[in-house]
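Hi,

Here is the structure I promised to pass on. Have a look at it first, and my notes follow below.

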Amino acid sequence: IAYTSNTISNSVSAIDLKNSKVIATIKNGKEKSHTREIIIDEEKNLVYVSDVGDESTIWVIDGNKNEFLYEIGNIGKNVTGMVFSEAKDKIYATVLGDNNIAVIDLATRRRGADQHCIRW
C-alpha cells in the first residue's frame, strides 16, 4: 500500500500497488485540511500525516483498516516535514511558522515541553 496526501481534497489516498487502484480515501472529518508529509510505522501499521495550518496537527491513520484514528494537536504553525526517532517513539517535525523542530511523544500523543524543542 502506498499513501498519498491530497491537499486540494483534504484527504489521504491508500493505493494498492499490485493493481494500481485507490482502495480508500481517508479524511479527518474537518472541512479544511492541508495534508502534506506522510511517514509510516510499518511494525504498528500506523500512518502519520502532517496537516499544515496556523495550528497544525498530525493525523494518525490505522493502516489495517485505512481509517482516521485521531489527531495530535498543539504542534505549532505550519508543520511540514516529519521523521521518526530511531526507536519510533517520537516524531521530530519541522514547524516553519515557529522556526523550530517539535518533538512529539507518541506514547502521550503530545508535543514535548518547549525546552525540548530545537530552535534555529
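The side chain of Asp41 comes to 3.2 Å from the backbone nitrogen of Lys44. This is a predicted model, so please read every value here as computed from it. Asp41 belongs to strand β4, which covers residues 35–41. Lys88 still turns up among the contacts of Asp41, together with Leu46, Tyr48 and Phe84, once neighbours within four places in sequence are set aside.

Now for the sheet around that strand. β4 is part of an open sheet of four strands, ordered β4-β5-β6-β7 and paired antiparallel. Both β4 and β7 (67–72) are edge strands with a single partner each, so one side of each has no neighbour in the sheet. From one strand to the next, the twist averages 25°. β4 and β5 (residues 46–51) run antiparallel and are joined by five bridges; in one of the pairings, Thr35 has Asp51 of β5 as its bridge partner.

There is also an open sheet of three strands, with the order β1-β2-β3 and antiparallel pairing. Here β1 (2–6) and β3 (21–26) take the edges, and each has a single partner strand, so one side of each is left without a neighbour in the sheet. The twist in this sheet averages 25° from one strand to the next. Five bridges connect β1 with β2 (residues 11–16), and the two run antiparallel. Tyr3 is placed opposite Ala14 of β2.

Most residues other than glycine have a negative phi. Which phi does Ser20 have, then? Ser20 has a positive phi of about 55°, although it is not a glycine. Ser20 sits in the loop between β2 and β3, and it counts as exposed because its relative accessibility is 64%, where the cut-off is over 50%. Asn99, also not a glycine, has a positive phi of about 60°. Asn99 is found in the loop between β9 (90–95) and β10 (100–105). With a relative accessibility of 36%, Asn99 counts as partly exposed.

Best wishes

Notes. Residues numbered from 1 in each chain as written. Predicted model: local features only at pLDDT ≥ 70, side-chain atom pairs only at ≥ 80, totals over all residues. Heavy atoms only, no water. Polar contact = N/O pair within 3.5 Å; in protein donor to acceptor, adjacent residues only side chain to side chain. Contact = heavy atoms within 4.5 Å. Pairing = 2+ DSSP bridges. Axes fitted to C-alpha atoms, helices over the stretch in contact; angles between N-to-C directions. Buried < 20%, exposed > 50% of the residue type's maximum accessible area, 1.4 Å probe, protein only.
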